[in-house]
Amino acid sequence: LFDGVYPFYPQQRKAAVFDISIIIVTVVFLTLACSFLLIIPGIRGRARLYWTLRVLLSLATGVVIVAVQFTGDWEHGWLRANTSYKSFSPAQVTVDIGLHIGLAGLNVTLQGAPPRQLNETIDYNEHFAWGGGADYERSYGAGLRKGLPTPILYVAEKFRARSPCGVQQQYRSAGRYASIALWVAFCTWLLSNMLFSTPALVYGGYTLLLTGAFLILSLLSFSTVSTSLLCPIHFGPLALHTAYGGSFWLTLAVGLLCLLAGVTVVLLHHFNLDLLKTFFDLREDLAEECQEMTQVYINPRSAGRGL
C-alpha cells in the first residue's frame, strides 16, 4: 500500500463535470429569450400574448433540437449490486451502476451506497466517446491507465469494437444518422421562423411539418439499435438492462408538437385565414382600409387648370 492506496491507484478519480456544450446552447437560447422579454412591453393589445407564445415555443423547440445532440441519456439503465471495486483486490462494495448512452458515446456512473466505503468516496461518471473523430479504444485505454474501478471498465469493455458483443458499430451508425436528421430538423426550424415572418404563412406550416418529420426520423434511426439484443451485462446474478431515456422522449414530444402546429397552420390557412393572420399579427385593420378621407387639400395653382 502507498499511503493507504494501492500503487496502481495513485489518486481518487473525480466525477466528470457537466457537458460544456449543453451549457453553451442553453445560455445562447436563454439570452435570446431574455432579449425578447425586454421588448415585449412595447407590443400592444392581444398581439403581446400571441408574440410571447410564438417566440417562447419556437425557442424551446430550437433549444431541444440542438441540446439533445449532446446529452447522454437517449438510453439508460441502473443497477444496484455488490461487486469488486478494484483489480487484484478481494474487497466488495455496494454500488449503484448507471449506463447512459447518447448519440456520440456513453457514460458509466458509479456511486457508492453509502458513498463512503473503503476509506474513500465512490462517485464516478466517466465518458467514453465514439462519435465524430473520437477514438473509443483510446478512451478505454486511458481509463485503464488511470486505474478506473473494475465495474466501469467492465461495462465500457462491452462496447469496444473488439468485444464479441459487437454493439458499438450499431450505436455508432444509429447515432450518426440520428444526429444528421436532427441537424436537418434544426435547419427547417430556422426556415420556418423566417417564413412565419412573411405573409406566406402556409409555407411556414409546411416547413414546421418537415421539422417534426425529421425529428421523428431521428428517433426511428436511433431505435434501430433495439432490433439487436444488447450484450448481457451481469454483476453476479443481476443484469443491467436499459430503456429509452429523457432525451428520446423529449425529442418525441417536440416532434409531435411540431407536427401538430404545422397541421394547425395549414388547416387554418385553408379554412380560417383571418384567424391565422391575427395570431401572427399580420391582419390589417378593416376599419383603416375602409376609412374615408375627411379633408381634401388642393393646390391652388393647379386647381383652375385641373377644373
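**Figure 1. The largest nonpolar core of the predicted model.** In this predicted model, the largest nonpolar core comprises 65 residues. The members that touch the most other members of this core are Trp74, Leu99, Leu106, Leu110, Phe128, Phe159 and Tyr171. In soluble globular proteins, nonpolar side chains tend to be buried together. Across the chain of 307 residues, 40% count as buried.

**Figure 2. Surroundings of Leu99.** Leu99 is among the core residues that touch the most other members. Apart from neighbours within four places in sequence, Leu99 is in contact with Glu75, His76 and Gly77, with Leu106, Asn107 and Val108, and with Val155, Phe159, Ile233, Leu240 and Thr242. Two of these partners, Leu106 and Phe159, are themselves listed among the members of the core with the most contacts to other members.

**Figure 3. Packing of helices H5 and H6.** Two packed helices are described by the angle between their axes and the distance between the axes. Helix H5 spans residues 168-195 and helix H6 spans residues 201-223; the two pack at an angle of about 170 degrees, with axes 8 Å apart. Because this angle is over 145 degrees, H5 is roughly antiparallel to H6. The contact of H5 with H6 is formed by 19 nonpolar and seven polar residues, with no charged residue.

**Figure 4. Thr211 in helix H6.** Thr211 lies in helix H6. With a relative accessibility of 0%, Thr211 counts as buried, because the limit for a buried residue is under 20%. Beyond neighbours within four places in sequence, the contacts of Thr211 are Ile65, Ala185, Thr188, Trp189 and Cys258.

**Figure 5. Strand E3 and the loop to strand E4.** Strand E3 covers residues 105-117 and includes Pro114. The peptide bond from Ala113 to Pro114 is cis, with omega near 5 degrees. Leu118 is found in the loop between E3 and strand E4 (120-129), and Asn119 is placed in the loop between E3 and E4 as well. Leu118 has a phi near 55 degrees, a positive value in a residue other than glycine; for Asn119, likewise not a glycine, phi is positive and near 65 degrees. Leu118 is partly exposed, its relative accessible area being 43%, whereas Asn119, at 68% relative accessibility, counts as exposed.

**Figure 6. Arg48 in helix H2.** Arg48 is located in helix H2, which runs over residues 47-67. At 37% relative accessibility, Arg48 counts as partly exposed. Not counting residues up to four places away in sequence, Arg48 touches Ile40, Pro41 and Ile43. The C-alpha atoms of Arg48 and Asp281 are 9.4 Å apart in space, although 233 residues separate the two in sequence. For the chain as a whole, residues 24 or more positions apart account for 66% of the contacts with a separation of 6 or more.

**Figure 7. Confidence along the chain and residues 285-293.** The chain, with 10 helices and seven strands, averages a pLDDT of 83, and 84% of the residues score at least 70. Over residues 285-293, the pLDDT is below 50. Beyond near neighbours in sequence, this stretch has one contact in the model. Where pLDDT is low, the predicted coordinates should not be read in detail.

Note on methods: Residues are numbered from 1 along each chain as its sequence is written. This is a predicted model: local features need pLDDT of at least 70, side-chain atom pairs count only at pLDDT 80 or more; totals for chains, interfaces and linings use all residues. Side-chain values use heavy atoms; hydrogens and water are left out. A nonpolar core is a set of buried Ala, Val, Leu, Ile, Met, Phe, Trp, Tyr and Cys residues joined through side-chain atoms within 4.5 Å. Buried means under 20% relative accessible area, exposed over 50%, partly exposed in between (1.4 Å probe, protein chains only). Contact means heavy atoms within 4.5 Å. Axes are lines fitted to C-alpha atoms, for helices over the stretch in contact, and angles run from 0 to 180 degrees between N-to-C directions. Helices (H or I, at least four residues) and strands (E, at least two) are DSSP runs, numbered from the N terminus. Angles under 35 degrees count as roughly parallel, over 145 as roughly antiparallel, 65 to 115 as roughly perpendicular and the rest as oblique. Ala, Val, Leu, Ile, Met, Phe, Trp, Tyr, Cys and Pro count as nonpolar, Asp, Glu, Lys and Arg as charged, and the others, Gly among them, as polar. pLDDT is the predictor's confidence in each residue, from 0 to 100.
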